[in-house]
Structures are given as C-alpha cells and as structure tokens.
Amino acid sequence: MNEPIERAAAELADEPSVLVCAGSGLSAESGVPTFRGDDGMFRDPDIARLTHVQTFASDRKEMMRWYQERREKLDTLQPNPGHLALIELCRTGDYTIATQNVDHLLEAAADEVGYRPPIHHLHGSLLVVRCHKCGNAFEDLSLDLVKLPTCERCGGPLRPGVVWFGESLPADALQKSAEAAERADVCIVVGTSGLVHPAASLPQIADQRGATLIEINPNPTELSDICDIVIRGKSGEVLPALAEKIV
Ligand code: NAD
Ligand code: ZN
C-alpha cells in the first residue's frame, strides 16, 4: 500500500471528481517533442520566438513554416497507451481533462475507446485555422499556412488556432477547467513542467480546495512540491498500470 501507484489507485477507486491537467509529456511517447523535457524544444531559443505573438507581425512566413510542418505531422500521429488508459480511467468517475496540448491525440484515443470525457484545450488546437483579425475559426488541415491565406469574411490573416505567448487563453476552456479544479477530489498532473501559467494555476486551485494531487512525470517539476503522491515514470507506462488497478 506504500507504493505511490497503489496510493493513487486508492484515491481514484471510489468514483471521485477528478481534474486531469495534461502537458506535452503525455504525447511524448507518440513522437511529439516536448518543449522543456530532456529533448525539449525550448533548448532552441528560436522556438521561444516562433511561439510568440509578436513574431506573427515580424516574421509571419517563417513562423507559419514551423507551424505548418507540425500540422502536417498530425495525420501521422497515433495515441499512445497513456492517452488510451487515461480515457479508460475517465469512465470510472466525474473526470474533466484540461490539456495544454495542441494535438488531437486525446480525441483520437476517445474515438478508439468509444467514450469521450470533457476535454478542454487551454492552448487551442493545431487542427484549427483562425483569423487573426475577426476570430473566424474552423477545422482545416488541408490549408497551407505558408501560402499566407486570408480570411474569407474580413480579409484578415489566417493563423493556426493555438495560443501564443503574449495571448490570453480561451475563456470558456479556462473557466470550465477552473470549475473542475474547484470541485475536484483528485487532480492528476501528467506530463507538464508546470511552468506555463495560467495552466499551471489549475492544480494550485485544486490543492487550495483540498484535492489530493497526483503527479505523473519522469522528472521533478515546479508542481512536485505541492503534489501529495508523486509517480516518477512515463505516462505511457504509469497510466496503463494505474487504469488496470481501477477499471
Ligand atoms: P513542457 O514541454 O514544458 O514539459 C514537458 C514535461 O513532460 C516535462 O516535465 C517532462 O519531464 C515531461 N515528460 C517528458 N516525457 C514524458 C513522458 N513520457 N511521460 C510523462 N511526462 C513526460 O510541456 P508543458 O508543461 O505542456 O508546457 C508546454 C507548452 O508547450 C504548452 O504551451 C503546450 O501548448 C506546448 N506544447 C504542446 C505540445 C503538444 O501539443 N503535444 C508539444 C510541445 C509543446
Ligand atoms: Zn476574418
């Protein structure tokens, strides 16, 4: 009973209300590089520039080349055992997922499992194209952003539907996630460095409301100190082991 995974399973056994805060580590085993992990892209100072809203005005084409490359990879990605086990877990209680990931792998896992919990994309989605001027947004993977397409409605520049540094988070996703944090009995923090706010504030809200915090990450993070149970391991291994004990 002393193993962290056993303690986590005990917390999740009784149909609790759970907020899952997911970061890029959850998709790492699907071959999507993280920003700040061992192979973290943030080691490259260029990436910090390419993910800042100001760059859209100064170097749009270069920025769109980087995003378009990532959009084109989406079709080749598959959910990993961590995504699938997480969705299975969601069936066992009142679960809400707040993800910082801009891929669609949780939705793909939900389709595979045949169950879709509430999934809030705090940082938007790479599948979506949005007008930078009027906000007109639609799912479209075929559009080539490097060709600098414009909005049919207002002529404004089209961009990926993600949140850049220097921008606010989508209000609805943030509000629903914060509500889930406030009512959570348990908060699972998986694959996030806990460095990007306000996403990283959600586990803090849950903590202040008395939730039990469970971290799943191979490395220590900014949030490790406030977590009650820390499971050091990869999400693609830990989540299936955890789900097996509950589902
Ligand atoms: P981050 O890059 O800051 O941190 C990644 C974390 O994942 C690290 O703590 C690392 O130790 C952990 N990790 C690495 N491999 C793991 C594994 N197999 N299992 C569990 N954890 C693992 O990521 P973040 O906290 O999500 O912050 C990042 C920002 O990067 C967000 O704005 C997000 O939108 C963006 N981002 C998204 C994607 C994606 O959509 N898949 C990929 C890269 C970055
Ligand atoms: Zn427009």
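K245 has a relative accessible area of 41%, which makes K245 partly exposed. Buried stands for under 20% relative accessible area, exposed for over 50%, and partly exposed for what lies in between (1.4 Å probe, protein chains only). The model is predicted: local features need pLDDT of at least 70, side-chain atom pairs count only at pLDDT 80 or more, and totals for chains, interfaces and linings use all residues, while side-chain values rest on heavy atoms, without hydrogens and water. Residues are numbered from 1 along each chain as its sequence is written, with chains lettered from A and ligands numbered from 1 in the order in which they are written.

**Salt bridges: count and rule**

- Side chains of opposite charge can pair when their charged atoms come close.
- A salt bridge here requires a side-chain nitrogen of Lys or Arg within 4 Å of a carboxyl oxygen of Asp or Glu.
- That rule gives 10 salt bridges.

**E6 and K245**

- E6 pairs with K245 through a salt bridge, at 3.1 Å from N to O.
- E6 sits in helix α1 (residues 4–12) and K245 in helix α10 (residues 235–246), so this pair ties together parts 239 residues apart in sequence.
- Helices (H or I, at least four residues) and strands (E, at least two) are DSSP runs, numbered from the N terminus.
- E6 is partly exposed, at 29% relative accessibility.

**R49 and D59**

- In the salt bridge between R49 and D59, the closest N and O atoms are 3.3 Å apart.
- R49 belongs to helix α3 (residues 45–50), whereas D59 is in the loop between α4 (53–58) and α5 (60–74); the two are 10 residues apart.
- R49 is partly exposed at 30% relative accessibility.
- D59 is partly exposed too, with a relative accessible area of 31%.

- R116 and D111 form a salt bridge, with their closest N and O atoms 3.3 Å apart.
- D111 is exposed at 57% relative accessible area, while R116 is partly exposed at 48%.
- Shared partners join the salt bridges of D46, R49, D59 and E62 into one network.

**T221**

- T221 is in the loop between β8 (212–216) and β9 (229–231).
- T221 is buried, at 15% relative accessible area.
- A polar atom of the T221 side chain lies 3.0 Å from the backbone nitrogen of L223.
- Leaving aside residues up to four places away in sequence, T221 touches T192, S193, E215 and R232; contact means heavy atoms within 4.5 Å.

Terms used. A polar contact is a pair of N or O atoms within 3.5 Å; within protein, one must be able to donate a hydrogen and the other to accept it, and residues adjacent in sequence count only if both atoms are side-chain atoms.
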